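Trainee: Could we go through this structure together, one topic at a time? I'd like to jump around a bit if that's all right.

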Amino acid sequence: MEFLDFAVPLLGATFSSTQAWTFLFVTITFMVYLYIGWASRAQESGDFYVAGQGVPAIANGAATAADWMSAASFISMAGLISGLGSDGSFYLLGWTGGYVLLAMLLAPYLRKFGQYTVPDFVAKRYYSETARIVAAICAVFISITYVAGQMQGVGIVFARFLEVEMWQGVVIGMVIVGVFAVLGGMKGITWTQVVQFFVLIAAFLIPTFALSYMLTDNPIPQVGFVTGDIAEKVNLIHEDLGFAAYTQPFTNYDKMNVLLITLALMTGTAGLPHVIVRFYTVANVRAARYSAFWALLFIALLYTSAPVLAMFARFSILETLQGAEIGQVVTDENDGVEYYPIYRLNDDGEKEVVQWVSNWQKTGLVKINDKNKDGILSLKNVDGNFDEVTINRDILVLATPEIAKLSPWVIAIVATGGLAAALSTAAGLLLVISSSMAHDLYVHFVEPNATEPRRLLVARIMIIGAIFVAGYFGINPPGFIGQVVAFAFGLAAASFFPAIFLGIFDKRMNRQGATTGMVVGLAFTAFYIVTCRSDKIFGTAEPLMTPWFAGSSWMPNGLGPEAAGAVGLMLNFVLALVISRLTPPPPEDVQDLVESVRIPRGSHAPEAHFDETDAEADNP
């Protein structure tokens with residue numbers, strides 16, 4: 001990294017600390033985001049909801065990648081893979097496979113329908129305003145769950161790098177994302193996300209390249225991983241500490257849970273409303289296809305690097321901490337927080353503090369407990385965890401530059417990238433909540449004749465309300481970022497994916513089947529997640545329900561909450577197909593519409609409102 005250090009201006013003399021560099025980069029990027037929000041102020045519903053459908057394909061690809069590569073992808077995924085080993089790959093397979101499913105199977109056809117939102121599509125396809133209400137509620141439920149993980153990521157970044165309380169960091173993030181989302185709507189969010197993509201991808205790749213070079217002498221992580229021997233080294237250390245080999249599958253999750261979670265993540269990705277709506281922002285079906293290509297290419301840059309970074313970071317942590325000396329407790333003179341300094345011998349044989357451990361202890365996300373009081377840190381396996389240290393999985397990517405002893409400005413770039421990842425996705429999710437509440441519910445059922453300024457005002461008020469809800473769950477999260485996001489994917493899989501898939505490929509699917517399937521799928525998945533995680537969500541002493549099938553030979557730990565979406569998906573499909581065959585078929589014009597959409601040439605102009613005179617109404 002010497003050449004990079006040399007390239008940085010002499011500002012390093014002034015900005016010698018990570019906190020100062022972080023403040024500088026965060027301030028610059030936030031000013032850019034705010035300027036874009038102001039310059040892209042939406043004056044019409046078309047600009048607010050679909051950016052006027054004038055976004056170029058490559059820009060939409062970058063925005064889609066940023067929208068989709070959330071705090072879970074940037075901050076949490078590598079940490080989950082690092083902690084879970086081979087089993088963590090279901091996050092990688094589910095999220096990437098799901099995007100391919102969306103891009104190839106659904107996106108062009110959805111663009112052909114030419115609507116503003118997913119509830120718009122559901123209402124048009126299923127000739128039902130009741131279906132619109134159900135879809136809007138599903139979208140809000142999914143998005144609030146998802147955005148909670150993004151706000152949690154913002155809090156973690158601010159807590160460590162700007163040394164504020166996590167709740168204060170969440171509040172700062174709420175204010176920033178609120179400004180450019182409220183002002184610009186989808187138009188402002190889109191161009192902000194284009195900038196955020198380049199920030200987050202640079203922030204992820206720079207330390208990954210550096211760590212790869214340090215450990216394998218090859219700066220390209222994928223090549224270093226294949227040609228180097230890091231995997232063998234990590235496996236040996238794991239086995240010495242009493243863990244299963246890092247690359248051994250099904251050590252943390254049984255085969256059935258891995259299969260179900262992967263299925264839930266794949267179909268949930270294809271049903272995420274904030275990703276689907278991005279394909280409505282381009283001019284036509286051809287642009288939607290090219291957008292999908294560019295987004296997949298941009299996503300691959302991060303997703304092929306994440307598992308490599310996870311293993312490199314795991315090796316560095318094991319090598320650094322196992323057998324390290326635990327110092328006497330120290331009280332930080334600035335904030336009064338107590339922490340244990342950890343000492344290792346450097347390359348010159350001199351004892352030095354492992355600074356990153358001290359830094360992260362102050363946030364409460366790394367905890368040291370010298371259980372046997374021998375002054376030596378032990379990482380031996382105790383019930384699947386390290387014996388004397390607890391490391392929050394969400395810090396891994398953010399801590400990697402410090403673990404690798406990179407320059408403060410590199411650490412600051414990673415922090416800035418983490419914020420970009422969280423804020424970009426949060427903005428897209430907030431717009432979905434706003435559009436569902438304002439466009440799909442308020443305008444259609446409360447004030448159908450609302451003027452354009454009135455509609456925009458209601459949409460902006462809904463965004464502000466959604467920000468407060470997201471902030472609450474960001475401060476009181478129900479799990480790791482990756483877990484919280486996995487719950488959102490499960491909800492999307494159980495509600496939207498069958499309705500969208502069958503709406504495109506099954507002409508016989510009617511409103512009764514689709515609506516029942518969405519309600520049951522969402523209700524089951526939400527119930528299962530809430531009752532199994534009630535201790536985290538509501539603070540109960542124990543979960544209200546133990547996982548189903550726990551103790552069985554084929555699912556020893558029971559059906560995990562992350563896998564519940566796959567069961568909800570199956571319930572949705574079965575009910576939708578059976579009920580649609582037992583009830584009258586859709587009107588002929590709806591069947592003709594489905595038939596025409598299967599040939600995705602051209603596109604309809606977006607229809608702001610569903611006209612019930614075009615098809616049978618719910619309550620004649």
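Predicted model: local features only at pLDDT ≥ 70, side-chain atom pairs only at ≥ 80, totals over all residues.

Trainee: Which residues form the nonpolar patch on the surface with Phe 445?

Mentor: The patch is made up of Ile 133, Ile 137, Phe 445 and Val 446, and together these have about 340 Å² of accessible area. Two helices, α8 (129–161) and α18 (408–446), each contribute at least two residues to the patch.

Trainee: Let me zoom out, then. How many helices and strands are there in the chain?

Mentor: The secondary structure comes to 24 helices and 9 strands. Of the 620 residues in the chain, 60% count as buried, and the chain exposes about 23,700 Å², of which carbon and sulfur atoms supply 63%. Among contacts between residues at least 6 apart in sequence, 81% join residues at least 24 apart.

Trainee: What about the inside: which residues touch the most other members of the largest nonpolar core?

Mentor: That core has 181 residues, and the ones that touch the most other members are Trp 68, Phe 74, Tyr 99 and Trp 360. Helix α18 provides the largest share of this core, with 19 residues. Apart from this core lies another one, of 5 residues, which include Ala 438, Tyr 442, Val 443 and Val 458. As background, nonpolar side chains in soluble globular proteins tend to be buried together.

Trainee: Going back to Phe 74, what is Phe 74 in contact with, leaving aside neighbours within four places in sequence?

Mentor: With those neighbours set aside, the contacts of Phe 74 include Leu 200, Ala 203 and Phe 204, as well as Leu 302, and they also take in Val 397, Leu 398, Val 414, Gly 417, Gly 418 and Ala 421.

Trainee: New topic, charges. How many salt bridges does the structure hold?

Mentor: The structure holds 9 salt bridges. In general terms, side chains of opposite charge can pair when their charged atoms come close. One of the bridges joins the side chains of Asp 120 and Arg 132, at 2.6 Å from N to O. Asp 120 sits in helix α7 (residues 118–125) and Arg 132 in helix α8, 12 residues apart.

Trainee: Are Asp 120 and Arg 132 buried or exposed?

Mentor: Asp 120 is buried, with a relative accessible area of 2%, and Arg 132 also counts as buried, at 0% relative accessibility. Asp 120 and Arg 132 are linked with Glu 129 in a network of salt bridges.

Trainee: What is the strand order of the open sheet of 3 strands?

Mentor: The order is β1-β4-β5, and the pairing is antiparallel. β1 (325–326) and β5 (351–353) stand at the edges with a single partner strand each, so one side of each is left without a neighbour in the sheet. Strand β4 (residues 342–345) pairs with β5 over 3 bridges in the antiparallel sense, and the bridge partner of Arg 344 in β5 is Glu 352.

Trainee: Which side chain does Lys 351 meet in a salt bridge?

Mentor: The side chain of Lys 351 meets that of Glu 325, at 3.4 Å from N to O. This pair links strand β5, where Lys 351 lies, with strand β1, where Glu 325 lies, the two residues being 26 apart. Glu 325 is partly exposed, with a relative accessible area of 33%.

Trainee: Last stop, helix α24. Is Gln 591 buried or exposed?

Mentor: Gln 591, which is found in helix α24 (residues 588–597), counts as buried, because its relative accessibility is 14% and the cut-off for buried is under 20%. Leaving aside neighbours within four places in sequence, Gln 591 is in contact with Lys 507, Pro 585 and Pro 586.

Definitions and conventions
Residues numbered from 1 in each chain as written. Heavy atoms only, no water. Patch = residues over 30% accessible without salt bridge, like charges linked within 9 Å, V, L, I, M, F, W, Y side chains within 5 Å. Areas by Shrake-Rupley, 256 points an atom, 1.4 Å probe, with all protein chains shown as cover. Salt bridge = Lys/Arg side-chain N within 4 Å of Asp/Glu carboxyl O. Helix = DSSP H or I, 4+ residues; strand = E, 2+ residues; numbered from the N terminus. Buried < 20%, exposed > 50% of the residue type's maximum accessible area, 1.4 Å probe, protein only. Contact = heavy atoms within 4.5 Å. Pairing = 2+ DSSP bridges. Core = buried A, V, L, I, M, F, W, Y, C linked by side-chain atoms within 4.5 Å.
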